[in-house]
Amino acid sequence: MSAFKSDFLRIMSERGFIQQTSDDAGLDKLFATETVTAYIGFDPTASSLHAGGLIQIMMLHWMQKTGHRPMALMGGGTGMVGDPSFKDEARKLMTPQTIQANIDGIKKVFSNYLTFGEGPRDALMVNNADWLLPLNYLEFLRDVGQHFSVNRMLSFDSVKQRLDREQSLSFLEFNYMILQAYDFVELNRRYGVRLQMGGSDQWGNIVNGIDLGHRLGTPQLYALTSPLLTTSSGAKMGKSLNGAVWLNADMLSPYEFWQYWRNTEDADVERFLKLYTTLPLDEITRLGKLGGAEINDAKKVLATEVTAMLHGRDAAEQAAETARKTFEEGALAESLPTVDLDRSALEAGTGILSLFVSAGLAASNGEARRHIQGGGVRLNDQNIADERRMVTLADLTSEGVLKLSLGKKKHILVRPK
């Protein structure tokens with residue numbers, strides 16, 4: 001469908017959020033005529049979501065901004081099974097205590113993007129443990145399990161890929177599809193949910209829910225999936241060289257989060273501005289046309305806007321200012337990431353190679369040595385050419401720290417304790 005009439009789907013289409021819908025015309029009419037409640041499920045596999053999940057959160061944000069009711073579904077029940085979709089092997093099972101701790105951590109992020117409350121358009125956060133844990137297994141098999149064809153479930157790409165690799169798929173995991181489908185039906189009964197959204201890897205699971213709803217007598221349910229994003233060079237969104245790009249500030253500082261977006265590849269800037277900010281499209285088009293060194297200005301806008309939505313405008317602007325001082329003035333910015341080092345190590349003297357490993361800027365002495373040989377290592381803004389260089393208390397700056405730099409963009413303060 002080329003032109004959507006409803007605000008929400010038009011924005012989703014214009015900004016690149018839509019991979020597939022189950023019924024363009026029906027869904028567009030629903031959004032144009034009703035206040036729609038839609039949900040996205042979030043697996044509590046860690047105590048924070050990472051940047052790969054931001055596209056889903058932004059979809060919920062735009063839902064509320066266009067007058068509809070978004071819902072974040074926490075998988076407290078399904079988390080006890082684990083989603084097998086496109087996984088090479090079974091997830092490690094988590095205890096209920098771990099699942100709850102992860103949910104508590106994940107919840108912190110959503111209030112930055114959604115307004116929760118009791119009103120008809122206020123966002124909801126619910127936990128599928130509320131209805132999955134009390135289920136009577138035999139009744140569930142009889143009332144819900146009868147509607148699922150094993151032949152059809154085996155045809156889903158997520159299952160076929162696993163079996164093609166000759167990796168076993170446990171009966172426990174096979175149940176996940178049924179439970180997720182049942183969530184959709186239960187959410188319709190409890191909250192009037194009509195739409196489930198998610199990444200395109202969830203298409204089969206969502207369609208299962210639509211089919212189950214049809215068999216169990218719900219109103220017409222709908223699916224909308226977003227593309228699974230990679231960077232232009234093929235890297236997975238939400239992953240950096242140092243690991244996952246976490247959304248919780250206690251797991252990744254606002255400055256490091258800002259830096260992740262500042263380092264966006266040139267070819268991705270306009271696309272990411274559309275997906276991860278609320279800037280007007282004409283402004284995004286203007287920024288996307290910047291070339292040469294000016295593209296860095298667009299990257300700074302991207303980094304600041306994405307960080308402001310998650311961590312607040314003050315934290316975003318402080319991160320931008322820290323970067324400006326560090327990169328443009330060579331100054332020592334107190335808000336740089338900091339690691340502690342036992343003071344006795346500097347009293348005795350520690351090698352520059354092991355110092356870089358301890359600070360997390362290199363994985364091994366060999367990697368640190370290669371960086372030095374390549375001219376990419378600096379101590380207190382001075383190039384280091386001697387891989388046998390010893391670092392002592394005499395190297396501390398007037399602020400009582402060491403500033404380690406790798407290339408132009410990675411900086412760590414080492415503080416002796």
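How many salt bridges does a search of the whole structure find? The search finds 12, a salt bridge being a side-chain nitrogen of Lys or Arg within 4 Å of a carboxyl oxygen of Asp or Glu.

Before selecting anything, note that this is a predicted model, in which local features need pLDDT of at least 70, side-chain atom pairs count only at pLDDT 80 or more, and totals for chains, interfaces and linings use all residues. Residues are numbered from 1 along each chain as its sequence is written, and side-chain values use heavy atoms, with hydrogens and water left out.

**Stop 1: salt bridges**

Select D250 and K108. They form a salt bridge whose closest N and O atoms are 3.9 Å apart. D250 is in the loop between β8 (243–244) and α11, while K108 is in helix α4 (residues 96–110), so the pair ties together parts that are 142 residues apart in sequence. Helices (H or I, at least four residues) and strands (E, at least two) are DSSP runs, numbered from the N terminus. D250 counts as exposed at 62% relative accessibility, and K108 is exposed too, with a relative accessible area of 52%. Here buried means under 20% relative accessible area, exposed over 50%, and partly exposed in between (1.4 Å probe, protein chains only).

Next, select E283 and R286. The closest N and O atoms of this salt bridge are 3.0 Å apart. Both residues lie in helix α13 (residues 281–288), three residues apart, which is about one turn of the helix. E283 is partly exposed at 27% relative accessible area; R286 is partly exposed at 44%.

Then move to R313 and E305, a salt bridge with its closest N and O atoms 2.9 Å apart. R313 is partly exposed, with a relative accessible area of 38%, whereas E305 counts as buried at 17% relative accessibility.

To finish this stop, select D7, R10 and E14, which are linked in a network of salt bridges.

**Stop 2: aromatic pairs**

The whole structure holds nine aromatic pairs by the search. Rings of Phe, Tyr and Trp (its six-membered ring) pair if their centres lie within 6.5 Å; planes under 30 degrees apart count as stacked, over 60 as edge-to-face and the rest as tilted.

Select F140 and Y182. Their ring centres are 5.2 Å apart and their planes stand at 85°, so the pair is edge-to-face. F140 belongs to helix α6 (residues 137–143) and Y182 to helix α9 (residues 171–191), so the pair ties together parts that are 42 residues apart in sequence. Both residues are buried.

Select F257 and W261 next. This aromatic pair is also edge-to-face, at 6.1 Å centre to centre with 65° between the planes. The two residues are four apart in helix α11 (residues 254–262), a separation of about one helical turn. F257 and W261 are both buried.

**Stop 3: helix α3**

Select residues 54–65. This is helix α3, with 12 residues. From its first C-alpha to its last it reaches 16 Å, close to the 16 Å expected at 1.5 Å a residue; the expected span is 1.5 Å times one less than the number of residues.

Is α3 largely enclosed or exposed? Of its 12 residues, 11 are buried, so α3 is largely enclosed by the rest of the structure. Among the buried residues are L54, M58, H61, W62 and Q64.

End the tour at G67, which follows α3 and has a positive phi, near 95°.
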